[in-house]
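Q: Please give me a close look at one part of this model, the interface. Then go on to a few other sites.

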Amino acid sequence: MAYSRHLLGIEGLNPVSVTSLLDLAASYVLLNRSGKTQRDALRGRTLVNLFFEDSTRTRTSFELAGKRLGADVINMSVATSSVTKGETLLDTAATLNAMNCDLLVVRHNRSGAPALLAQKVDAAVINAGDGTHEHPTQALLDALTIRRHKGRISGLIVAICGDVAHSRVARSNILLLTMMGNFVRLVGPPTLIPAGIEGLGVTVFHDMAAGLSGADIVMALRLQKERMSAGLVPSAREFFNFYGLDRAKLSHAAPDALVMHPGPMNRGVEIDSDIADDPVRSVIREQVEMGVAVRMAVLESLAKGNNR
Amino acid sequence: MILFRNIRYLDGATEQLTEGDLLVENGLIADFGLGLGVPEGCEIIEATGAVLCPGLVDMRASLGEPGFEYRETIASAAQAAASGGITTIAVLPDTAPPVDDPAMVRSIVARGVETGSLSLLPYGAATRGCRGAELAEYGLLRDAGAIAFTDGQRTIGGTRLMRQALSYARGFGMRIVQHPEDADLAAGGAATEGARASWMGLPAIPACAEAICVARDITLAALTGGAVHFAHISTRQALTLIAQAKDRGLAVTCDTAPPYFDLNETAIGDYRTYAKLSPPLRADEDRRAVLAGLADGTIDAIASDHQPRDADDKRLPFADAAPGGAGLATLLGVTLAQVQSGGLNLAQALGLLTSRPASWLGVASGRILRGRPADLCLFHPARSWRVVAGQLPGKAQNTPFDGRALEGLVLGTWKAGIRVWG
């Protein structure tokens, strides 16, 4: 497989490499369900989860993925309340080099931070979310979830709804889904749609009924409370009224449309509990399961290419 | 005595390139023309194909000193300037401490004299501490030698404050220099708004933040009768407004800097923090408009907008990295690149680097005329060199032009008849 040393984004992957990663991940889904978890693909390798931003679920998912492949997993949380802590980033890189870490999973609140680290560390770097840039493993696990239900990951209408402007999940999904030949729609108020995004081959809607019309997949994005104080959205109730995913809005989508959310959810803001917990339409819990399998596939692929 | 023989020089009266000789005596330009005799004991510099122009007059640069000596000192900036043919620099006041006191103004001038190679012309702070609240002492600062007033890289944001600054400065016959960027729109931004910034996930500033500020300040200049100068103009929209204001006869001038006519926003690809500037690099359409503004005379000068930064300022995630690029050593070369590519003619390009900023600043240098100071730059327009960050003269290495091949090599720089480079 043509594969670079790091996974910094979906940018840099191609349909062939995405498909083979998803195939490998699919095999791990079966293995994980069988209960025969511990394998030795990463035995003797060290995986460091370096989180500059709190994220229990993503960190746990990578931790589990690493442990199921036999890696030694270490979690490092580095608080970065102040933006001037950037220097810590390169100091940390030097420390990790000295420890001979093999795989480095990085989450940072600044776009491009994992790319900066990748220039300085010997380990293979996996971007676990950087600022408002990319979150590639989330897009891969979304793709795997879609493929399991729809039998394909092309020719589908995918509506990504809500705070696209601040979403790295949206950017990685836009790249992956357009690359694989899907029709991607963005639905949200103009203040939450990034400038010039149409250039990436997506269609923008400001009305949920129109944006969801005939959609095969509906993805709701998390809306953070800061968006209200920044004046981008007047209030949570106004947002929910016009952009929150509820049964009435979902009725415009295809009858077998899947509902997805990258989590953690703000129930009653971007998604109604009624929809989030609907066992037929919602695949939100399955997304979490796919996350572990996809991360196992990513870790194994990078470790193979990184024979140190 | 120095005799430059068989060169082309930029005649200060005609602003044309003329073939001939030029004689320097007692630190002044003594004579020039065809076939000057060789006085006894005279050093002869023969440079076929080379061009002799006035030492460059850079109307906008920060030098790191005082307060940021880890980035650059005046001595190291003088070295970089000499290598780039620059003999006069107007320096920004947003240092630490800021230049908001007459003693600071005199001290900057004296530090320039100490270098022996570079005249420093200090801008005074437009507001105390460049903090954007109360006016600085324009009269006292002017008498100490301040050439105009500005808050440097900070926009004079308050509309009432800007009105008062323009109005009060007019009483002393002084200009206000603005960093034209609507402060509210620009807060926290790191790149120009558009598909690229959206895709890279960078906090962005709409390009019209410049025109909004320019429109306001032109309106205030009309209201007050004051004179405003816009620094580093980078957008078509702002240039259109400035051209209209000039047509109306308002006291409005502007400059730009090489990154804004040589680079566009693609330079920040892969989060290259050396290309993070303030204002941020623009779309190519705006870059072409800046070039057109240089050619049609809307833009009055090319300044380096030199902003020294050290590696620790730049080796950070893009949004956290300090904006600014080193620009002294590359000012001439990048401008000449536009001559090579046909965007400007040579005499016009040199005028934008010498006589035009010199007239704006009201200094005697910047023109080849008899009796003027022999501040000179000899360069070969066809000899090439490559910009390499880490190997530039001086301390500041944060060039946005890293790797760029340039034609136009400085062979020598003279300050008052003394060779300071080459």
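A: Across the interface of chain B and chain A, the rule finds six residue pairs in polar contact, both residues at pLDDT 80 or more. A polar contact is a pair of N or O atoms within 3.5 Å; within protein, one must be able to donate a hydrogen and the other to accept it, and residues adjacent in sequence count only if both atoms are side-chain atoms. On the side of chain B that touches chain A, helix α6 (residues 195-200) of chain B gives the most, with four residues. Helices are DSSP runs (H or I, at least four residues), numbered from the N terminus. By class, that side of chain B has nine nonpolar, three polar and four charged residues. Ala, Val, Leu, Ile, Met, Phe, Trp, Tyr, Cys and Pro count as nonpolar, Asp, Glu, Lys and Arg as charged, and the others, Gly among them, as polar.

This is a predicted model: local features need pLDDT of at least 70, side-chain atom pairs count only at pLDDT 80 or more, and totals for chains, interfaces and linings use all residues. Residues are numbered from 1 along each chain as its sequence is written, chains are lettered from A and ligands numbered from 1 in the order in which they are written, and side-chain values use heavy atoms, with hydrogens and water left out.

The contact (heavy atoms within 4.5 Å) takes 23 residues from chain A and 16 residues from chain B. About 1,600 Å² is buried between the chains, and carbon and sulfur atoms give 62% of that area. Buried area is the accessible area (1.4 Å probe) that two parts lose on being put together, summed over both.

The rule finds one salt bridge across the interface. A:Arg110 and B:Asp320 meet there through their side chains, at 2.7 Å, N to O. The rule asks for a side-chain nitrogen of Lys or Arg within 4 Å of a carboxyl oxygen of Asp or Glu.

Now helix α12 of chain A. Of its 21 residues, 17 are buried. Buried means under 20% relative accessible area (1.4 Å probe, protein chains only). A:Gln287 lies in this helix. Its relative accessible area is 3%, so A:Gln287 is buried. A polar atom of the A:Gln287 side chain lies 2.9 Å from the backbone nitrogen of A:His261. Beyond four places in sequence, A:Gln287 touches residues including A:Gln138, A:Asp142 and A:Pro262.

Last, helix α1 (residues 74-83) of chain B holds B:Ser76. B:Ser76 is buried, at 10% relative accessible area. Leaving aside neighbours within four places in sequence, B:Ser76 is in contact with B:Gly394 and B:Lys395.

Key: Buried means under 20% relative accessible area, exposed over 50%, partly exposed in between (1.4 Å probe, protein chains only). Helices (H or I, at least four residues) and strands (E, at least two) are DSSP runs, numbered from the N terminus.
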